[in-house]
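Me: I am new to reading protein structures. Could you take me through one, feature by feature?

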Amino acid sequence: MAIQTVGVIGAGQMGNGIAHVFALAGYDVVLNDISQEALNNALALIDRNLERQVSRDKISAEAKREALARISTTLNLPDLGKTDLVIEAATERETVKQAIFEDLVPHLRPETILTSNTSSISITRLASRTDRPEKFMGFHFMNPVPVMQLVELIRGIATDEPTYKALHEVVEKLGKTAASAEDFPAFIVNRILMPMINEAVYTLYEGVGNVKSIDESMKLGANHPMGPLELADFIGLDTCLAIMNVLHDGLADTKYRPCPLLTKYVEAGWLGRKTGRGFYDYRGEVPVPTR
């Protein structure tokens, strides 16, 4: 089927980036959230990010205007029922995602493809809670969406070939690269990335190095553009912990046990950049390590 209209559920860090790239690629986007403030903030951020692309000669001012005009917002989830493709980008909690799908499914057209931007949760299990497991897929964008080139495509056990091909074509139209992953906990990127971050937290927890030395070691010694603790703050420590729990529960291997220090930071509400404190304190002009 020809996909022209796209519904995005969740106007947060991932949802606004997904809306941005789809609108820029010529799709009509309906962005949904339970908070009008979140929708307003998302539109303002998309505007700023598009303007940054204009200033760097990545896109024209006209392309920016056209992209913004293609995005509409709604607080009413059933409004997404008329779209050709729905991308759920809500918080990384399975119960939340299941509740969204249960509310949305009665309003969908039979041919609409339903996807989740989950970074770790079983696609087969999410699909089984809908009326269209054959038209359900994992559609995992990387953060920040306008910058990162990869999209993981994850088929559930029931996903049919036309659905996979349709989404592969969408990724190409977005100017990104698709990587096909099997439906195992955390897929490819986070299966490798999150244990590395978790090990960096263990290295901090055990006193092998402090925040600054760990991040500098990986940047200068392994040529990583961002240290693992800085990256964890960027992703969100709650998200990192959620993915480690999915790996630990789903694969039953002690090597995926979340570091107690990661759990402690999340319990404190120190979730990284979005809360002003994580492994770094962002409340001043320059980030300062908290350990």
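Reply: Start with a term. Two strands pair if DSSP finds at least two bridges between them. Keep in mind that this is a predicted model.

Me: How many bridges join strand S1 to strand S2, and which way do they run?

Reply: First the general idea. Strands of a sheet pair through backbone hydrogen bonds, either parallel or antiparallel. Here, S1 (residues 5-9) and S2 (residues 28-32) run parallel, joined by five bridges.

Me: In which sense do S6 and S7 pair?

Reply: Antiparallel. Strand S6 (residues 136-141) meets strand S7 (residues 150-155) over five bridges. Look for Gly-138, which stands opposite Ile-154 in S7. Then turn to strand S8 (residues 177-181). S7 pairs with S8 in the parallel sense, again over five bridges. There, Val-151 stands opposite Ala-178 in S8.

Me: In what order do the strands form the sheet?

Reply: Read across the sheet: S3-S2-S1-S4-S5-S6-S7-S8. That makes eight strands in an open sheet with mixed pairing.

Me: Which strands stand at the edges?

Reply: S3 (71-74) and S8 do. Each has a single partner strand, so one side of each is left without a neighbour in the sheet.

Me: Where do the side chains go?

Reply: In a regular strand the side chains alternate between the two faces of the sheet. Now look at what packs there.

Me: Which strands does helix H2 lie across?

Reply: H2 (residues 36-55) lies across S2 and S3, and it runs at about 165° to S3. Helix H4 (residues 94-104) packs on the sheet too, touching S1, S4 (85-88), S5 (113-116) and S6. The direction of H4 makes about 165° with that of S5.

Me: How do helices H7 and H9 cross?

Reply: Compare their axes. Those of H7 (residues 189-205) and H9 (residues 228-235) come within 9 Å and cross at roughly 120°. The crossing is left-handed. On the H7 side, the residues in contact include Leu-193, Ile-197 and Leu-204; among those they meet in H9 are Pro-228, Leu-231 and Ile-235. The contact residues divide into 12 nonpolar, no polar and no charged.

Me: How do I find empty space?

Reply: Rolling a probe the size of a water molecule over the atoms shows where empty space is left. Take the second largest pocket, with a volume of about 160 Å³.

Me: Which helix gives the largest share of the lining of that pocket?

Reply: Helix H8 (residues 211-221), with four residues. The lining includes Lys-212, Glu-230, Arg-273 and Tyr-280. By type, the lining residues divide into four nonpolar, no polar and six charged.

Me: What about the loops?

Reply: Check the backbone angles there. A cis peptide bond joins Asn-143 and Pro-144, with omega about 0°. Pro-144 sits in the loop between S6 and S7.

Me: Where does Phe-187 lie?

Reply: In the loop between S8 and H7. Phe-187 has a positive phi of about 60°, although it is not a glycine.

Note on methods: Residues are numbered from 1 along each chain as its sequence is written. This is a predicted model: local features need pLDDT of at least 70, side-chain atom pairs count only at pLDDT 80 or more; totals for chains, interfaces and linings use all residues. Side-chain values use heavy atoms; hydrogens and water are left out. Axes are lines fitted to C-alpha atoms, for helices over the stretch in contact, and angles run from 0 to 180 degrees between N-to-C directions. Helices (H or I, at least four residues) and strands (E, at least two) are DSSP runs, numbered from the N terminus. A crossing is left-handed if the near helix is turned anticlockwise from the far one by less than a right angle, and right-handed if clockwise. Contact means heavy atoms within 4.5 Å. Ala, Val, Leu, Ile, Met, Phe, Trp, Tyr, Cys and Pro count as nonpolar, Asp, Glu, Lys and Arg as charged, and the others, Gly among them, as polar. On a 1 Å grid over the protein atoms alone, a cavity is a set of points where a 1.4 Å probe fits but cannot get out, and a pocket is an open set with protein on both sides within 12 Å along at least five of seven lines; lining residues have an atom within 4 Å of a point. Grid points are joined across faces, edges and corners, and a volume is the space filled by probe spheres set on the points.
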